[in-house]
Amino acid sequence: GGNFCMGIWKQTGRFKYFLNHIQWQGNDPFGNPQGGARLIEQVRLSPDANSYSGTFTFTAYDTSGNPGPSLTGVIAGTRITTSIKFTDLL
């Protein structure tokens, strides 16, 4: 529906990063306008740079730019390489 996300990150300490993603508004699958959203993450990269973990806050906005519901939680990720097996990620 035309949605896309732009993001930026900044190193805030040793292995620590702040990420700010803005999802621009677009249309839902039926063509109705949707508001955008903002995703903020604070993560810590592992010393080997193969994983990260941290927290996030996701805030949705209506088509007038008014903030709606927010969701906070924890995140984690593992780098996928050409040699990684599915079971390595479990």
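What share of the contacts in the chain with a separation of 6 or more comes from residues 24 or more positions apart? The share is 25%, where contact means heavy atoms within 4.5 Å.

Before going on, a word on the source. This is a predicted model, in which local features need pLDDT of at least 70 and side-chain atom pairs count only at pLDDT 80 or more, while totals for chains, interfaces and linings use all residues. Residues are numbered from 1 along each chain as its sequence is written, and side-chain values use heavy atoms, with hydrogens and water left out.

Now the overall layout. The chain has five strands and zero helices; helices (H or I, at least four residues) and strands (E, at least two) are DSSP runs, numbered from the N terminus. Read from the N terminus, the order of elements is β-β-β-β-β. The radius of gyration is 16 Å, well over the 12 Å that the globule rule gives for 90 residues, so the chain is more spread out than a compact globule. That radius is taken over C-alpha atoms, and the rule is 2.2 Å times the number of residues to the power 0.38. The C-alpha trace spans about 45 × 30 × 20 Å along its principal axes.

Of the 90 residues, 19% are buried. Here buried means under 20% relative accessible area, exposed means over 50%, and partly exposed is in between.

Next, the pairing of strands. Two strands pair if DSSP finds at least two bridges between them. Strand 3 (residues 37–45) and strand 4 (residues 51–61) are antiparallel and share nine bridges. Within that pair, Val43 has Gly54 of strand 4 as its bridge partner. The two strands form a hairpin with five residues between them. Ala49 sits in the loop between strand 3 and strand 4, and its phi is positive, near 65 degrees, in a residue other than glycine. Ala49 has a relative accessible area of 26%, so it is partly exposed.

Strand 4 also pairs with strand 5 (residues 67–78), again in the antiparallel sense, over 10 bridges. Thr55 stands opposite Val74 in strand 5, and Thr59 has Ser70 of strand 5 as its bridge partner. This hairpin has five residues between its strands, and Gly65 in the turn has a positive phi of about 90 degrees.

Phe15 is not a glycine, yet its phi is positive, about 65 degrees. Beyond its neighbours within four places in sequence, Phe15 is in contact with Val43, Arg44, Leu45, Ser46 and Pro47. The C-alpha atoms of Phe15 and Arg44 are 5.4 Å apart, although 29 residues separate the two in sequence.

In strand 1 we find Ile8. Is Ile8 buried or exposed? Ile8 is at 58% relative accessibility, so it counts as exposed. Not counting residues up to four places away in sequence, Ile8 touches Phe18, Leu19 and Asn20. From Ile8 to Ile22 is 14 residues in sequence and 9.0 Å in space, C-alpha to C-alpha.

Last, the side chains. A search of the whole structure finds one aromatic pair. The rings of Trp9 and Tyr17 have centres 5.4 Å apart and planes at 75 degrees, so this pair is edge-to-face. The cut-offs are these: rings of Phe, Tyr and Trp (its six-membered ring) pair if their centres lie within 6.5 Å, and planes under 30 degrees apart count as stacked, over 60 as edge-to-face and the rest as tilted. Trp9 is exposed, because its relative accessible area is 58%.

Tyr17 is also one of the five residues in the largest nonpolar core, with Leu19, Val43, Phe56 and Ile75. Such a core is a set of buried Ala, Val, Leu, Ile, Met, Phe, Trp, Tyr and Cys residues joined through side-chain atoms within 4.5 Å. Outside four places in sequence, the contacts of Tyr17 include Trp9, Glu41, Val43 and Leu45.

Methods. Buried means under 20% relative accessible area, exposed over 50%, partly exposed in between (1.4 Å probe, protein chains only).
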